[in-house]
Amino acid sequence: MKRTFITLMIAAVCAGPSMAVDHVIAAAKPAAEKQTPAVLSLSLNEAQDYAVESNRSLKNASLAVQEAYAQRWQTIASMLPNVDLSWSYTNMCGYKMEMNFGTMKQEINMPNSSSLSIQTSMGVNGQAIVGALLNNVALRMKKISYEQSAKELRASVMESYVSVLTLQSITDLLDESLNNLRKMADMTQRTVEVGAAEQTTADQIKVRVNAQANMINQQKRSIVLATNALKVLLDVPVTTELNLTSTLEEVLSPEAVLKSLGKEFDINDNYNYQLLKESTELARLNVAMAGVAYGPTLAAFHQYSNQHYYAEGGFRMTPPNTVGLSVSMPLWSSGKREAGVIEKKIAYEEAKNTLSETVDNLAIQDQQLRFNLQNAYETYVNEKDNINVTKRVFESTTHKFNMGAGSNLDLINASNDLISAQSSYVQAVLNLVNAQVILETFLNK
């Protein structure tokens, strides 16, 4: 009966932590490798979702959360009952012990025996309790870091996605202007052949054609690099073909910018503030941890022992059940514990000062980021208009040159202005996206 009861008790104690960490173990198991299709067609939102699901760095951040769960349970389990089972067998090899009683001698058989011992123990002190609270704070910080990493990954995907779209758009514009230049180069060469123009004019236009073609090749290589950077964020093989279905106009719409500017700033949504707030709570609990070092440690145990002899002659020396309780209290440490408390209190005050300063700085940063986005959008609108104007000027100059009313110098200057406007436009797009994702990440809406 006793053995049945003890067996049930061991099963109950072991079942507790097993059930508590089942979700941790399940989450830590490696997921089956996902097959990446040869061609991926993704909108911006789909690309962001795909990256969150597939990116290995983010998976590591998720595993860090599961690791924090396991660490918390270790601390809690240290205050719960622990059960140890031991069994031993002793063979005396036929030895008989001689006992002298005055003039009488007697031999006592030393039979073979086995011993079973089950000990249940537990201990609790203030440091273990505060340690569990510290683990809770650490767990919340891991969760916040994971959410922040996911948000930053989405922002990086957006920047990379838009970079590819922008470079593709500029390459299309350059291709169009290159076709026009080649047509003019052919026409000019024919006029030279009939003696209506000088060879110098044809050569200058040919130089411009070669420069434009070289620039297009550079842009195409830049598209490959930007696409590969996006593939890294999506965690797909380099051989995977990406088809980006969102357009630049959809991503950079005035509605998207106004939506970002219209979001109100709530400091409790800011990840940096959340982490700093938890860090301050961690410093407060460290003060408590240092303080409870003065407290007692309580320990209790129960031991069941059963010794079985395989022949006559054995005798029991250990009682079958033993219960114990102990209390220990630190008395003197030459001021070490007091100095530890003072140190943690100073660190806690520093953390509170940093938190207060951060609250003020975040309000200023919110205003500055909104200004940055407004300026970036206005610059983008201007540069977009400029590129349309320079394109019309280039087309007009090309037409005049074809009609003999314009010089080759005018044509070259118009071509240079178009290229310069395209470069400024690319930079304006990237600055706008950067300003938008920074504000979105800061607001965490």
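Residues are numbered from 1 along each chain as its sequence is written. Local features of this predicted model need pLDDT of at least 70, side-chain atom pairs count only at pLDDT 80 or more, totals for chains, interfaces and linings use all residues, and side-chain values use heavy atoms, with hydrogens and water left out.

**Confidence and overall build**

The average pLDDT (the predictor's confidence in each residue, from 0 to 100) is 83 for the chain, and 90% of the residues score at least 70. Over residues 1-32 pLDDT stays under 50, and the model has 22 contacts beyond four places in sequence for this stretch; a contact means heavy atoms within 4.5 Å. Where pLDDT is low, the predicted coordinates should not be read in detail.

The chain holds 11 helices and eight strands, which are DSSP runs numbered from the N terminus (helices H or I, at least four residues; strands E, at least two). Of its 445 residues, 35% are buried, that is, under 20% relative accessible area with a 1.4 Å probe and protein chains only. Among contacts with a separation of 6 or more, 84% join residues 24 or more positions apart.

**The largest cavity**

A cavity is a set of points on a 1 Å grid over the protein atoms alone where a 1.4 Å probe fits but cannot get out; lining residues have an atom within 4 Å of a point. By this rule there is one cavity of 30 Å³ or more.

Helices α5 (126-193), α10 (336-402) and α11 (408-443) each supply at least two of the lining residues, and α5 gives the largest share, four residues.

| Residue | Relative accessible area | Contacts, not counting residues up to four places away in sequence |
|---|---|---|
| Asparagine 270 | 2% | Phe265, Leu362 and Phe442 |
| Threonine 390 | 16% | Asp417, Leu418 and Ala421 |

Asparagine 270 lies in the loop between α8 (254-262) and α9 (271-291). Threonine 390 belongs to helix α10. Its C-alpha atom is separated by 9.5 Å from that of asparagine 416, 26 residues apart along the chain.

Note on methods: Buried means under 20% relative accessible area, exposed over 50%, partly exposed in between (1.4 Å probe, protein chains only). On a 1 Å grid over the protein atoms alone, a cavity is a set of points where a 1.4 Å probe fits but cannot get out, and a pocket is an open set with protein on both sides within 12 Å along at least five of seven lines; lining residues have an atom within 4 Å of a point. Grid points are joined across faces, edges and corners, and a volume is the space filled by probe spheres set on the points.
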